[in-house]
Amino acid sequence: MREITYRQALNEALAEELERDPNVFLMGEEVAEYHGAYKVSQGLLERFGPTRIIDTPISENGFAGLGIGAAMVGLRPIIEFMTFSFSLVAFDQVVNNAPNMFMMSGGQFNIPITFRGPNGPAHQLGATHSHATENLYASVPGLKVCTPATPRDAKGLLKTAVRDDNPVLVLEAELLYSSKGMVEPPDEELLIPLGQAEVKREGSDASIICYAQTVPLALTVAAQLEEEDISAEIVDLRSIKPLDERAIFDSIVKTHRAVIVEQDRPFCGVGAEICYRVQKNIFDELDAPILRVSQEDVPVPYNEKLEKFVLPNADKLMAAVKKVCYA
Amino acid sequence: MQRPEQRDEVEMLALMLLIRRFEERASQQYQAQKIGGFCHLYIGQEAVVTGAVAAVRNDDYIITAYRDHAHALARGTSADACMAELFGRATGCSLGLGGSMHFFDRKNHLYGGHAIVGAHVPLAAGMAFASKYRGEDRVTLCFFGDGAINQGSFHEALNLIALYKLPVVLICENNLFAMGTSVKRSTSLKQIVDRAEGYDIPGEIVDGMNFREVRDKLSEIVGSIRKDPHPAFIEIRTYRYRGHSMSDPASYRTKEELEKYRLDDPITRLRAQLTREGKLTNEQFDQLDKKAKETVIASVKFAESSPELPVEDVYKYVYVDGAVETERPGPARAEQQRREGAPAPSKEGA
């Protein structure tokens, strides 16, 4: 194992998959000559050439659709959105064309495409650049959605996504590109299956269900709670769809209390679906109502203090965990 | 004159007749409520797609919008599979899962059948991108209506196609109306073909009621693209005799306008050309028409007697590897476990 950044991990995943399969290509705004707006594609143009690392004009709908068309005839495109906030311009392609094709064609055309890029609120970017899109996309049958929180998960999930024969969205955590973590050496194949959560920290008093940018938040809060003798278990979903119900249930069966901390908004958010499934399947295991910590149900404001208030934060999560523990 | 690489003209006339008779029968079956959803007929426009397929290879890619029955028939999808699709049967070209607007036929290189106006033009760009990426000399034919040219996806795709020099023929089937809105009321240009100029794509206007003109123009363009990949745009002026869809009486246009176009009917025109040149007798024509009628009548019988997919099959067509994450109706897991005595929750949907 060695320590690399989340950004490097994604870069390695791209390079390895481009190397492995000539049908894989990377396309998006600034991915080639600029090396990616977040430098995820650093060095790929030099290594793989302009046929496979392709800069596009600012036309998300156009190049997302181009990727889908190429996937219909056998290529395996990786389409980068500079941020998933911009994927909304391509919503029709991502929601109407990519996931519907397999059903509409009677199973003749599957779409092996990866859409990737940063997702979720970052820091003071204002409402248009702060969308967490996971609940929007996870609600669409035919799409798969994963949300890596660590360099290792980022590399393993992206590689798996590229090899998946369905449309997969890899929602990278915008604030975590420079975060570091331990990853297997480059010569060791790292594939992490979609739909497998990981317990990032064992605990016995309450389960914190989290993903992407809320994972480091949950880990910080868990460390603070430890000092108050509350032992929190951290379940990192890693994939929103498929959803690893079993890992969620297993943890709650152990702790009997749960808080879901999500990047998206409360109304029809990821946590709402999890709550439904938990009460439906393991109602008797709960010793307290499940609480959710999410964004406030408002567009994200620019002002730093207000933004901090609107986003899920340590104070809110701490309070929620204490509440489910009646502490 | 017909070139060796072009398909036989009498055979193409038979195809036009098949399309016309198929659409007439579809209309009748729709009125009899055997066909659900929306249904858009191609009657009047037959020379466009037949002229196009007469000029290309079978492995060239074809993609179109929702008025797609004719494109499937022209590609070689059987009338049986087309009619069965309209009937929603498992023997349909999309297993009855797509319907009138979503005909697909992988074997015959028909890539849909797309019902969001303009949204398939980027897909065409991708298909052509793949041909160029692999160094193939395949050409993509992308059909769309005059309504599509004002969509953002169309404009984005044209820019990408021109920028990457992709081997696509953009074929605008200008039937003068986007639903009930005439081109004059929807488009700021004097002529649609001028859209191409804005993207530095060569464009031409073709008479869509004249099979030979469509075919020969396509032959010329496709031949040039095969030598050196590039895009081209043709505005094919045509006319649909029926309304936009089955529910449209087309009250936004005059009887006189419709009559004018009917007198210029593409089937009558090709028939006259062939008869004049001694390549077709009246008896032969009647024979072709009789065969077309018989084929579509048989297709209705085939569709009626075909099975539907069982309801549980819906879960098979969500993910190609069968990984289904669908919230299904049924008892809660705990209850199910009590019944089945299963120890732990499984990973499948609840």
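This is a predicted model: local features need pLDDT of at least 70, side-chain atom pairs count only at pLDDT 80 or more; totals for chains, interfaces and linings use all residues.
Trainee: Why is Leu73(B) called buried?

Mentor: Leu73(B) has 28 C-beta neighbours inside 10 Å. The label buried asks for 20 or more, so Leu73(B) counts as buried.

Trainee: Where is Leu73(B) placed, and which residues does Leu73(B) touch?

Mentor: Leu73(B) belongs to helix α3 of chain B, residues 69-75. Leaving out residues up to four places away in sequence, Leu73(B) touches Leu15(B), Leu18(B), Ile19(B), Phe22(B), Ala79(B) and Cys82(B).

Trainee: What makes those residues contacts?

Mentor: The cut-off is on C-beta atoms placed from the backbone, which must lie within 7 Å. The residues touched by Leu73(B), among them Phe22(B), are listed on that basis.

Trainee: Why is Asp216(B) called partly exposed?

Mentor: Asp216(B) has 19 C-beta neighbours inside 10 Å. Buried needs 20 or more and exposed needs 12 or fewer; 19 lies in between, so Asp216(B) counts as partly exposed. Asp216(B) sits in helix α9 of chain B, residues 211-227. Its C-alpha atom is 34 Å from that of Gln28(B), which is 188 residues apart along the chain.

Trainee: How many residues make up the contact between chain A and chain B, and which elements of chain B supply at least two?

Mentor: Chain A gives 45 residues and chain B gives 43 residues. On the side of chain B, β2 (110-113), α5 (121-134), α6 (152-163) and α13 (333-340) each supply at least two. The most comes from α5(B), with nine residues.

Trainee: How do the residues of that side of chain B divide by type?

Mentor: There are 27 nonpolar, ten polar and six charged residues on the side of chain B that touches chain A.

Trainee: Which domains is chain A divided into, and what separates their centres?

Mentor: Domain 1 of chain A spans 2-183 and domain 2 spans 198-324. Taken over C-alpha atoms, their centres are separated by 26 Å. The contact takes 23 residues from domain 1 and 23 residues from domain 2 of chain A. On the side of domain 1, the residues divide into 14 nonpolar, six polar and three charged.

Trainee: What are the domains of chain B?

Mentor: Domain 1 of chain B is written 9-179 + 186-309, and domain 2 is 312-350. Their centres are 42 Å apart, again over C-alpha atoms.

How values were computed:
Residues are numbered from 1 along each chain as its sequence is written. Chains are lettered from A and ligands numbered from 1 in the order in which they are written. Helices (H or I, at least four residues) and strands (E, at least two) are DSSP runs, numbered from the N terminus. Ala, Val, Leu, Ile, Met, Phe, Trp, Tyr, Cys and Pro count as nonpolar, Asp, Glu, Lys and Arg as charged, and the others, Gly among them, as polar. Domain bounds come from an automatic or database domain assignment.
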